[in-house]
Amino acid sequence: MTSSRRRRAAEGHVEPPEVVAEREQIRLALALGQLVHDRRVALGLTQAGLGERLGMASGDVETIELGGMLPLTADLLVRLAAALDVTVDLRVVSDGHNTVAFEERAA
């Protein structure tokens with residue numbers, strides 16, 4: 001949380017639910033992007049190589065890795081899981097502390 005948001009919160013300002021939801025969606029997209037990048041590199045894949053596995057252009061992979069693929073969809077998560085040979089663990093909780101993680105599949 002930025003200092004200006006902390007100050008406004010201390011002053012009693014409450015962000016509208018749609019702003020909170022959008023901020024959380026962006027945070028999750030950035031986290032997913034970092035996971036995709038790290039896993040792609042670990043597998044020795046280029047963005048083009050991962051794009052082929054996903055049926056996407058390398059520019060789309062770059063967009064995902066930069067956290068710009070919004071909204072996150074179940075289809076995208078399923079495709080990423082198959083292409084990166086991982087299990088995607090998405091936890092959505094009411095208090096807004098949502099997480100996304102990859103687990104390598106057992107050989």
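Contact here means heavy atoms within 4.5 Å, and helices (H or I, at least four residues) and strands (E, at least two) are DSSP runs numbered from the N terminus. All of the views below show a predicted model, in which local features need pLDDT of at least 70 and side-chain atom pairs count only at pLDDT 80 or more, while totals for chains, interfaces and linings use all residues. Residues are numbered from 1 along each chain as its sequence is written, and side-chain values use heavy atoms, with hydrogens and water left out.

**View 1. Helix H4 and its cover.** Val61, Ile64 and Glu65 are the buried residues of H4 (buried means under 20% relative accessible area, exposed over 50%, partly exposed in between, with a 1.4 Å probe and protein chains only). Seen down the axis of H4, these residues fall within an arc of 95°, so they line one face of the helix; the arc is that of the directions from the helix axis to the C-beta atoms. What covers them includes H2, helix H3 (47–54) and helix H5 (74–84). Just after H4, look for Gly67, which takes a positive phi of about 80°.

**View 2. Helix H2 meets helix H4.** Here H2 (residues 17–42) and H4 (residues 58–65) pack at about 125°, with their axes 7 Å apart. That makes H2 oblique to H4 (under 35 degrees is roughly parallel, over 145 roughly antiparallel, 65 to 115 roughly perpendicular, and the rest oblique). H2 brings Ala29, Gly33, Gln34, Val36, His37 and Arg40 to the contact, and H4 brings Val61, Ile64 and Glu65.

**View 3. The largest nonpolar core.** A nonpolar core is a set of buried Ala, Val, Leu, Ile, Met, Phe, Trp, Tyr and Cys residues joined through side-chain atoms within 4.5 Å. The largest one has 17 residues, and those with the most contacts inside it are Leu32, Val36, Leu50, Leu54, Leu80, Leu84 and Phe102. At least two residues come from each of H2, H3, H4, H5 and strand S2 (99–104), and H5 gives the most, with five. Not counting residues up to four places away in sequence, Leu32 touches Leu72, Leu77, Leu80, Val100 and Phe102.

View 4. Arg39 sits in helix H2 and counts as buried, at 13% relative accessibility. Beyond residues up to four places away in sequence, Arg39 touches Leu84, Asp85, Val86, Phe102 and Glu104. Met56 lies in the loop between H3 and H4 and is also buried, with a relative accessible area of 19%. Leaving aside neighbours within four places in sequence, Met56 is in contact with Gly51, Ile64, Leu76 and Arg79.

Conventions
Axes fitted to C-alpha atoms, helices over the stretch in contact; angles between N-to-C directions.
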